[in-house]
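Colleague: Before I use any of these labels, I'd like to hear what stands behind them. Can you take me through it?

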Amino acid sequence: MPLLPRRFERIKAVLDQRRDDLTVVLEQVDKPHNLSAILRSCDAVGVLEAHVTSLPGRPRTFNSTAKGSHKWVPLHPHPDITSALQPLKARGFRIYGTHLGVEAVDYRQCDFTGPTAFLLGAEKWGLSPEATALVDQALFIPMVGMVQSLNVSVAAATLLFEARRQRDLAGPGPDGGCGLPDALYQQRLFEWCYPSVARWCQEQGRRYPALGDEGEILEELPRNVRLRY
Ligand code: SAM
């Protein structure tokens, strides 16, 4: 079925809200309902992509909690926490680690308007010492109940929505608040509109075709590829 103009407009409206300077890094979070719920929150606040390290031999799976959000927010796997965090640090991200050490601050005192990564720990044991050592600022979400910690997906949602709230309040900023760099925007736009054609282009090592004003592909593609959309 061809891409409907209405669908194209909807995809662009959502992509306009995506940001590549807000993310989560999940250290050995592996329960499908938690991964799914976290990606759903990422989608809701406009996170472009998320990161995870897994225990060896544990496949990452999602369940119906995701409501398909794992298709819209890629979860990048990393072999260990250093490889997950170093590229973000190199890009100027501040790493906020969620643990309850003495140096941890109430998350409501933090400024999340700059490049921000929330580092969240495993359901059973929280963050590893290696991860904790790479944190720029430890934070916690204050709790007054009998139980000592939140479910990891609830913690992620609390932090992500606070970051989004702060950014909405701060306004667009000097760059006009434009979201993604144009090349990245165009790349994601094509992948969201035509996922199987995008996969074919990647296999062939060719650039994505240009799109017209209504989202139509402006290039003549082989018939077997045209049948994919
Ligand atoms: N027993 C674990 C521990 O001692 O860390 C509990 C892990 S908790 C269920 C899983 C993750 O959720 C934590 O690593 C943290 O990322 C996040 N989390 C849970 N409660 C939190 C809170 N009050 N503030 C910040 N993060 C929290």
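**Labels and their cut-offs**

Modeller: Let's start with a pair: Lys12 and Glu9 meet through their side chains in a salt bridge, 3.4 Å from N to O. This is a predicted model, where local features need pLDDT of at least 70 and side-chain atom pairs count only at pLDDT 80 or more, while totals for chains, interfaces and linings use all residues. Residues are numbered from 1 along each chain as its sequence is written, and side-chain values use heavy atoms, with hydrogens and water left out.

Colleague: What makes Lys12 and Glu9 a salt bridge?

Modeller: The rule asks for a side-chain nitrogen of Lys or Arg within 4 Å of a carboxyl oxygen of Asp or Glu. Lys12 and Glu9 have 3.4 Å from N to O, so the label applies. The two sit 3 residues apart in helix α1, so about one helical turn separates them. Helices here are DSSP runs of H or I with at least four residues, strands are runs of E with at least two, and both are numbered from the N terminus.

Colleague: Why is Lys12 called partly exposed?

Modeller: Buried means under 20% relative accessible area, exposed means over 50%, and partly exposed lies in between (1.4 Å probe, protein chains only). Lys12 has 22%, so it is partly exposed. Glu9, at 44%, also counts as partly exposed.

Colleague: Which label does Arg207 get, buried or exposed?

Modeller: Arg207 is at 59%, so it counts as exposed. Its salt-bridge partner is Glu219, at 3.6 Å from N to O. This pair links distant parts of the chain: Arg207 and Glu219 are 12 residues apart, both in the loop between α8 (195-204) and α9 (223-226). Glu219 has 24% and is therefore partly exposed.

Colleague: Why is Glu27 called buried?

Modeller: Glu27 has a relative accessible area of 5%, so it is buried. Glu27 lies in strand β1 (residues 22-27). Not counting residues up to four places away in sequence, Glu27 touches several residues, among them Thr53, Ile81 and Leu120; contact means heavy atoms within 4.5 Å.

Colleague: What makes Gln28 stand out in its phi?

Modeller: Gln28 has a positive phi of about 55° although it is not a glycine. Most residues other than glycine have a negative phi. Gln28 is in the loop between β1 and α2 (32-45), and at 22% relative accessibility it counts as partly exposed.

Colleague: Where do the two domains run?

Modeller: Domain 1 covers 1-18 + 179-229 and domain 2 covers 19-170; such bounds come from an automatic or database domain assignment. Domain 1 and domain 2 bury about 960 Å² between them, where buried area is the accessible area (1.4 Å probe) that two parts lose on being put together, summed over both.

Colleague: How many salt bridges cross that interface?

Modeller: The rule finds 2 across the interface of domain 1 and domain 2. Elsewhere on the list, Arg188 and Glu49 meet in a salt bridge at 3.3 Å, N to O, and Glu49, Arg188 and Glu191 are linked in a network of salt bridges.
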